[in-house]
Amino acid sequence: MPFPLYAPLPETLERAAELARRYGLELVATPPDTGYWLALSATRLELAAAEGHGAVVADFVEGAARHRREFGGGRGQPVAKAVGLKGGAMPTVVDATAGLGRDAFVLASLGCTVTLIERSPVAAALVDDALLRAYSDAATAPIAARMTLVHADAAVWLATLAEADRPDVVYLDPMFPDTGKSAAAKKDMKAFQSVIGDDLDADKLLTAAIAVAKKRVVVKRPRLGAPLSGVLRTGELPGKSTRFDLYAPKKPA
């Protein structure tokens, strides 16, 4: 059934209706008594819950995004090195598991043109709202202009790309069930993961990514997490808590 969207303010109803049409959400007159819903206020869209955690928001203007934009280390950041940002290189990137768009925003802030693919209607709506707010801020508007959001199954979408539209890099950051071996995530992010689901078909997506990337595929993993199966890595960039696995693109037949 469609995910609920609650918009209590009359001035937000038009925007709420637009989001509902775009992402297949259900406008509701009152928030549910249990579970989760999207709530649209005068300032932002957020994932709310009846109990257990604070609101989940995608934000490219303030908070952690602003700090990382201003003090994150520029092209010296691990994700920048992983996608090949060195010298004058400015690769085009498809983030095929966009989530809340955090890594995609970092890459766009460094000059990359990034297409964000997200199949979850909840995550896609949250990023849609974050982009709208980013366009309204002078500091982030040029960055948002380099980001394009697509609500689709990434494996299917990648397979439809024409030769001229193939990206230099496909970036994957798949979600997997918590095995208990990694550090405990915050309650709000655990809730977000429970709503959007795990990427249990990540191996299939890796194959699709390798088939279209021109230069490389990058997979973000927990530092001690197992690599995706089915394809051998060509390299890795280890970090303190995460690791970037690198894969060569498929050679032309």
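**Salt bridges**

I looked up the salt bridges and found that the structure holds 16, a salt bridge being a side-chain nitrogen of Lys or Arg within 4 Å of a carboxyl oxygen of Asp or Glu. I note that this is a predicted model, in which local features need pLDDT of at least 70 and side-chain atom pairs count only at pLDDT 80 or more, while totals for chains, interfaces and linings use all residues. Residues are numbered from 1 along each chain as its sequence is written, and side-chain values use heavy atoms, with hydrogens and water left out.

I took the pair of aspartate 128 and arginine 15, whose closest N and O atoms are 2.7 Å apart. For helices I use DSSP runs of H or I with at least four residues, and for strands runs of E with at least two, numbered from the N terminus.

I then checked accessibility, where buried means under 20% relative accessible area, exposed over 50%, and partly exposed in between (1.4 Å probe, protein chains only). Aspartate 128 is buried, at 10%. Arginine 15 is buried as well, at 16%.

A second pair I noted is aspartate 129 with arginine 133, a salt bridge of 3.0 Å from N to O. Both residues lie in helix α5, four residues apart, about one turn of the helix. Aspartate 129 and arginine 133 are both buried. I also find Arg15, Glu18, Arg22 and Asp128 joined into one network by salt bridges that share partners.

I noted glutamate 62 and arginine 66 too, their side chains meeting in a salt bridge at 3.1 Å, N to O. Glutamate 62 is partly exposed, with a relative accessible area of 39%. Arginine 66 also counts as partly exposed, at 36%.

**Domains**

I looked up the domain assignment, which gives domain 1 (3-49) and domain 2 (63-247); such bounds come from an automatic or database assignment. The contact between them takes 14 residues from domain 1 and 15 residues from domain 2, contact meaning heavy atoms within 4.5 Å. The centres of the two domains, taken over C-alpha atoms, are 26 Å apart.

Domain 1 and domain 2 bury about 1200 Å² between them, 69% of it on carbon and sulfur atoms. I take buried area as the accessible area (1.4 Å probe) that two parts lose on being put together, summed over both.

I count two salt bridges between domain 1 and domain 2. I also count four residue pairs in polar contact between these domains, both residues at pLDDT 80 or more. A polar contact is a pair of N or O atoms within 3.5 Å; within protein, one must be able to donate a hydrogen and the other to accept it, and residues adjacent in sequence count only if both atoms are side-chain atoms.

On the side of domain 1 that touches domain 2, the elements giving two or more residues are α1 (13-23), β3 (36-40) and β4 (45-49). The largest share of that side, four residues, comes from α1. By class, I find nine nonpolar, one polar and four charged residues there. Ala, Val, Leu, Ile, Met, Phe, Trp, Tyr, Cys and Pro count as nonpolar, Asp, Glu, Lys and Arg as charged, and the others, Gly among them, as polar.

**Helix α9 and strand β11**

I looked up helix α9 (residues 202-212) and found Ala202, Leu205, Leu206, Ala208, Ala209, Ile210 and Val212 buried. What covers these buried residues includes α7 (154-159), β8 (169-172), β9 (216-222) and β11 (242-247).

In strand β11 I checked arginine 243, which counts as buried at 4% relative accessibility. The arginine 243 side chain reaches the backbone oxygen of proline 222 at 3.4 Å.

**Two loop residues**

I found serine 41 in the loop between β3 and β4, partly exposed at 29% relative accessible area. Leaving out residues up to four places away in sequence, serine 41 touches Leu9 and Thr12. A polar atom of the serine 41 side chain lies 3.2 Å from the backbone nitrogen of threonine 43.

I found lysine 86 in the loop between α3 (78-83) and β5 (93-95), where lysine 86 counts as exposed at 61%.
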